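Here's a quick tour of a ligand site and some ring pairs. Have a look at the model first.

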Amino acid sequence: MTPRLEISISKIAHNAKVLCDLYALKGIELIGITKVVCGNVLIAKALVESGIKTLGDSRIVNIERMKKANVKAEFLLLRSPLISELKDVVYYADISLNSELFIIKAISKVAEKLKRVHRIILMVELGDLREGVMPKDVDDYVKEILKLKGVKMVGLGTNLACFGGVRPDNDKMKELSELTAQIEKKYKLELKYVSGGNSANYNWLTSTDSQHRINNLRVGESIFLGCESIDREPIAGLFTDAFKLVAEVIESKKKPSVPYGDICQNSEGTTVVFENLGEMQRVIFALGHQDVKVAGLTPLLDVEIIGASSDHLIVNAQEEIFNIGGETGFRLNYSALLAAMVSPYVEKQIN
Ligand SMILES: *Cc1c(COP(=O)(O)O)cnc(C)c1O
């Protein structure tokens, strides 16, 4: 069946093991992030077998599924718990990342009712401007959190290079580490997690001579795509081809390179402009915006993606030969992988 996402479990497992070992050499525990594979149970089990002890996901439904499928890991909820899902959060997640006192207090109440203690890592804003408490407010937050009986404060974390594209560098890691030291000293705490970021921290970690207090990273993209996430450079020793999207040819014809007639908006609401390259062999694949983020695809053959609509991908075949019904593979970047994983139209073939 196509479109089909071919997933190599053994390549993912290899990447996870290599990264686990590499980070362990630096005293860093790696949390494997499963959100891009929608908390897939088979993949989650492979990560655990590769040495990952904690899995993180942004959705509590994914954590619930993994837990019910007996994946033997601790579970971290990455996105702040929603007020409307706190019971499930306390029930299924062992730890969560948090940035709102209102929510932390509500978690504590629910946890007390369920006779549990939920662990929390407080997220600190260091400039990327997604989630996190401003550094000057961290002290006040901790003071309040320590009064609560249903939650245990177990660490500080930050997330960079996600929204604002701010580089996790020595200064940022030092700031988080110093904050940790201040909080530990003032409140006589020992914080188990100083969680410095995600796949984007790779370059910093492998080039720095001072890790400060960072002892934890939450990594998804590097495990699945084999690259760091600042310049998307491959990491030595990792597979970059654990995923392949396969699509099928439904038309192949010689046609002009420029639309002709009275030009108006297309289905995307844009007016497209094409350079006149004369006639070309135009191939249509049964693949579109309903299946994947087309901009994140790279064909495995030497062809050029011209564009797409919801169900058609149009390609300039250049020198390649295509048969109707034939299949071709594409590499995916992180956002294309995410879209293919969530699309119900894409078959997931786990090998
Ligand atoms: C998605 C996410 C990660 C993992 O990011 P990668 O770039 O896939 O390594 C880590 N932390 C948080 C808070 C996230 O949302």
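A side-chain N or O atom of R218 sits 2.9 Å from a nitrogen atom of the ligand. A polar contact here is a pair of N or O atoms within 3.5 Å. On its own the ligand exposes 390 Å², and the protein buries 94% of that (Shrake-Rupley areas, 1.4 Å probe).

Keep in mind that this is a predicted model: local features need pLDDT of at least 70, side-chain atom pairs count only at pLDDT 80 or more, and totals for chains, interfaces and linings use all residues. Residues are numbered from 1 along each chain as its sequence is written, and side-chain values use heavy atoms, with hydrogens and water left out.

## The shell

There are 14 residues around the ligand, and K35, S199, R218, G220 and E221 come nearest (near means a heavy atom within 4 Å). By type, the shell splits into five nonpolar, four polar and five charged residues, with Asp, Glu, Lys and Arg counted as charged, Ala, Val, Leu, Ile, Met, Phe, Trp, Tyr, Cys and Pro as nonpolar, and the others, Gly among them, as polar.

## Aromatic pairs

The structure has four aromatic pairs. Y91 and Y92 make an edge-to-face pair, because their ring centres are 5.1 Å apart and their planes meet at 80 degrees (centres within 6.5 Å; planes over 60 degrees apart for edge-to-face). F285 and F322 also pair edge-to-face, at 5.7 Å centre to centre and 90 degrees between planes.

Terms used: Polar contact = N/O pair within 3.5 Å; in protein donor to acceptor, adjacent residues only side chain to side chain. Phe/Tyr/Trp six-rings, centres within 6.5 Å; stacked < 30°, edge-to-face > 60°.
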